[in-house]
Amino acid sequence: MKSIYDMMGRYTYPCVRDDAPSEHVDKFFQKMDKNRDGVVTIEEFIETCQKDENIMNSMQLFENVI
């Protein structure tokens, strides 16, 4: 995530904050950890991805890359 933000930071205005990648990961983890046990299982990951339109749209972008 930090690498993605590093690349984006060069091309965005205003530049992203240094703590933005960490906040993004924390928010994502909280969203995926359905039972709040501190672990994101593959089932939780898949369920969250399938139910989130933004995630699905982002993943579909990679279909054209591969």
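Predicted model: local features only at pLDDT ≥ 70, side-chain atom pairs only at ≥ 80, totals over all residues.
The protein chain contains 4 helices and 0 strands. Read from the N terminus, its elements follow the order α-α-α-α. Of the 66 residues in the protein chain, 17% are buried. Among the contacts in the protein chain with a separation of 6 or more, 6% are between residues 24 or more positions apart.

Helix α3 spans residues 42–51 and helix α4 spans residues 53–61. The axes of the two helices lie 5 Å apart, and the helices pack at an angle of about 95°. Helix α3 is therefore roughly perpendicular to α4, since angles from 65 to 115 degrees are placed in that class. On the α3 side, the contact is formed by Thr48, Cys49, Gln50 and Lys51. Helix α4 contributes Glu53, Ile55, Met56 and Met59 to the contact. Sorted by class, the residues in the contact of α3 with α4 comprise 4 nonpolar, 2 polar and 2 charged residues.

One of the α4 residues in this contact, methionine 56, was examined individually. Methionine 56 is in helix α4 and has a relative accessible area of 31%, so it is classed as partly exposed. When neighbours within four places in sequence are left aside, methionine 56 is in contact with Cys49 and Gln50. Both Cys49 and Gln50 are also among the residues of α3 that make the contact with α4.

The buried residues of α3 are Glu44, Thr48 and Cys49. These three residues lie on the same side of α3, because they cover an arc of only 125° around the axis. The elements that cover the buried residues of α3 include α2, residues 20–32, and α4. The other side of α3 carries the exposed residues Ile42, Glu43, Gln50 and Lys51. Of the residues of α3 in the contact with α4, Thr48 and Cys49 are buried, whereas Gln50 and Lys51 are exposed.

Lysine 51 is part of helix α3. Its relative accessibility is 64%, so lysine 51 counts as exposed, the cut-off for this class being over 50%. The side chain of lysine 51 is joined to that of glutamate 47 by a polar contact of 3.0 Å. Lysine 51 also takes part in the contact of α3 with α4.

Two loop residues were also considered. Arginine 36 is located in the loop between α2 and α3. Most residues other than glycine have a negative phi. Arginine 36, although it is not a glycine, has a positive phi of about 55°. With a relative accessible area of 58%, arginine 36 is exposed.

Aspartate 18 is located in the loop between α1, residues 2–9, and α2. The relative accessibility of aspartate 18 is 81%, so this residue counts as exposed. Aspartate 18 and lysine 2 are 16 residues apart along the chain, and 9.1 Å separates their C-alpha atoms.

Technical notes:
Residues numbered from 1 in each chain as written. Heavy atoms only, no water. Axes fitted to C-alpha atoms, helices over the stretch in contact; angles between N-to-C directions. Parallel < 35°, antiparallel > 145°, perpendicular 65-115°, else oblique. Contact = heavy atoms within 4.5 Å. Nonpolar A, V, L, I, M, F, W, Y, C, P; charged D, E, K, R; others polar. Buried < 20%, exposed > 50% of the residue type's maximum accessible area, 1.4 Å probe, protein only. Arc of directions from axis to C-beta. Polar contact = N/O pair within 3.5 Å; in protein donor to acceptor, adjacent residues only side chain to side chain.
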